[in-house]
Amino acid sequence: MTRPPNLLLIVMDAVRADHLSCYGYHRPTTPFLERLAEEGVLCEQAFTTAPWTPPAHASLFTGTYPSRHGVDVGENLHLPEDTVTLAQLLAARGYRTFGVLPDGHLSAFRGFHRGFQETVELFRVPRLAWQWPFVKNAVRTALLGRDKRSYLANCLIKRWLARHAQSGPFFVFVNYKTAHNRYQPPRPFRRRFAMPLRPGQDLRKLEAFSRGGGYAYMAGRLPMTPEDLEVVRSWYDGAIACIDARIADLVGHLRRLRVADRTLVVVTADHGENFGEHGLAYHVFCLYDTLIRVPLIFHFPAGVRGPRRVTGLVSLTDVLPTVLETLGIEHPAPREVQGTSLLPFDGRSYHAHVFAEVDRPTWMLKSLARRFPGHDFSRFDRGLRCVRTLEEKLIVGSDGSEELYHLPSDPGETVNLRFVAPERAAALRAVLAAWLAGMTPRAVPAGPPPDADDEAIQKNLRELGYL
């Protein structure tokens with residue numbers, strides 16, 4: 001009996017597609033992914049389902065949108081227990097499964113460990129541990145600077161592969177946080193694209209923005225010029241280059257183990273990042289393409305090929321059915337999956353529309369109110385849904401707001417055509433309404449509120465700027 005292919009699923013946290021050189025970016029941020037894409041399939045118009053980590057990963061793991069899987073519905077940040085994940089499906093078919101969970105959002109406490117026979121929660125690993133991978137990571141950190149433990153993640157994956165790579169099909173999941181704020185990769189990568197400061201620019205202010213000042217920027221308390229933001233972007237680009245190097249190292253290790261030719265590698269992101277567009281920083285608060293357009297690359301086992309570029313609309317919900325078909329596995333409840341398999345990558349149009357959504361960020365607004373008393377954050381106090389075609393996007397807010405953009409002529413989404421083209425807004429509004437009506441949203445029991453997370457999770461989320 002032929003052994004099924006392995007799966008390596010990589011998420012580059014907070015990495016927007018338009019900052020990758022394999023997507024045409026002017027800086028060579030992803031030389032390895034360029035080579036990987038040349039041998040595989042790159043989706044040019046891939047979109048996440050949500051502008052932040054928990055609901056986007058739930059969509060990746062289940063092939064469903066947030067309103068269906070229930071994460072980020074109300075204040076629920078827990079993956080419902082009756083939701084079937086990719087890891088559970090593969091484990092049931094004899095796969096050995098290993099997940100590297102980087103932060104509190106993807107913790108076992110919130111249910112994201114389900115289906116993984118072994119996990120490592122990187123945010124719980126002490127700063128100093130005496131096992132060799134941790135010692136190596138500590139030494140590298142001291143010499144080169146922190147990388148949000150992406151090097152450690154690779155060390156742990158390699159150690160796990162040494163035990164399991166040859167004994168049967170495996171599924172490894174890893175999320176690299178290096179490009180998440182703060183944007184301070186190890187020094188060799190930070191220097192790679194770092195722009196020199198102009199006269200009058202204050203390095204301390206730029207580092208404050210990188211460290212956690214994005215919210216102060218949105219509150220009007222940390223003014224940033226376009227030149228300031230461009231310097232921070234250059235640090236972010238260095239962080240992406242660091243992730244590219246980590247992916248190259250991991251895939252190279254698969255080749256050294258002689259299992260690369262029977263491994264499906266999928267590289268994507270959960271969401272992007274804002275750097276001053278629309279007066280915004282970080283993520284969560286909008287559904288512009290700066291946050292929802294993400295990279296998506298498939299590198300198939302030997303003998304499986306497709307066209308190198310997919311130009312049609314693709315959703316993060318399509319990853320699960322595409323993976324299952326590639327691995328030759330049937331979903332036990334295919335009607336529950338809202339994505340579609342992209343195989344055989346024959347150039348057809350997969351979707352006329354894709355969607356994204358985010359619920360009211362109530363818990364985040366409470367945090368911002370504590371940090372910036374007196375500032376009015378009411379413009380963020382709304383849920384958002386959008387429907388996107390190749391040329392148009394309609395964003396609808398729970399506060400009654402609507403934004404319509406023609407993307408070929410306005411890629412920055414700066415000119416709202418809602419009142420200029422009301423018939424187009426009405427048509428897309430009807431599509432969005434029909435999509436919602438046919439979804440049969442999951443009844444999600446109220447999970448523990450975010451502040452019920454344990455101390456380690458709360459400490460980690462404070463470091464990431466969420467609390």
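Analyst: Let me begin with a definition: two strands pair if DSSP finds at least two bridges between them, and strands (E, at least two residues) and helices (H or I, at least four) are DSSP runs numbered from the N terminus. This is a predicted model, in which local features need pLDDT of at least 70 and side-chain atom pairs count only at pLDDT 80 or more, while totals for chains, interfaces and linings use all residues. Residues are numbered from 1 along each chain as its sequence is written, and side-chain values use heavy atoms, with hydrogens and water left out.

User: Switching to helices, at what angle do α6 and α9 pack?

Analyst: Helix α6 (residues 150-164) and helix α9 (residues 226-256) pack at about 10°, with their axes 10 Å apart; the axes are lines fitted to C-alpha atoms, for helices over the stretch in contact, and angles run from 0 to 180 degrees between N-to-C directions. The two helices, α6 and α9, are therefore roughly parallel to each other, a term for angles under 35 degrees, whereas over 145 is roughly antiparallel, 65 to 115 roughly perpendicular and the rest oblique.

User: What about aromatic pairs, how many does a search of the whole structure find?

Analyst: The search finds 24, where rings of Phe, Tyr and Trp (its six-membered ring) pair if their centres lie within 6.5 Å, and planes under 30 degrees apart count as stacked, over 60 as edge-to-face and the rest as tilted. One of them joins tyrosine 65 and tryptophan 435, whose ring centres are 5.0 Å apart with planes at 85°, so the pair is edge-to-face. Tyrosine 65 lies in the loop between α2 (53-62) and α3 and tryptophan 435 in helix α13 (residues 422-437), so the pair ties together parts that are 370 residues apart in sequence.

User: Is tyrosine 65 buried or exposed?

Analyst: Tyrosine 65 is buried, with a relative accessible area of 5%, and tryptophan 435 is buried too, at 13%; buried means under 20% relative accessible area, exposed over 50%, and partly exposed in between (1.4 Å probe, protein chains only).
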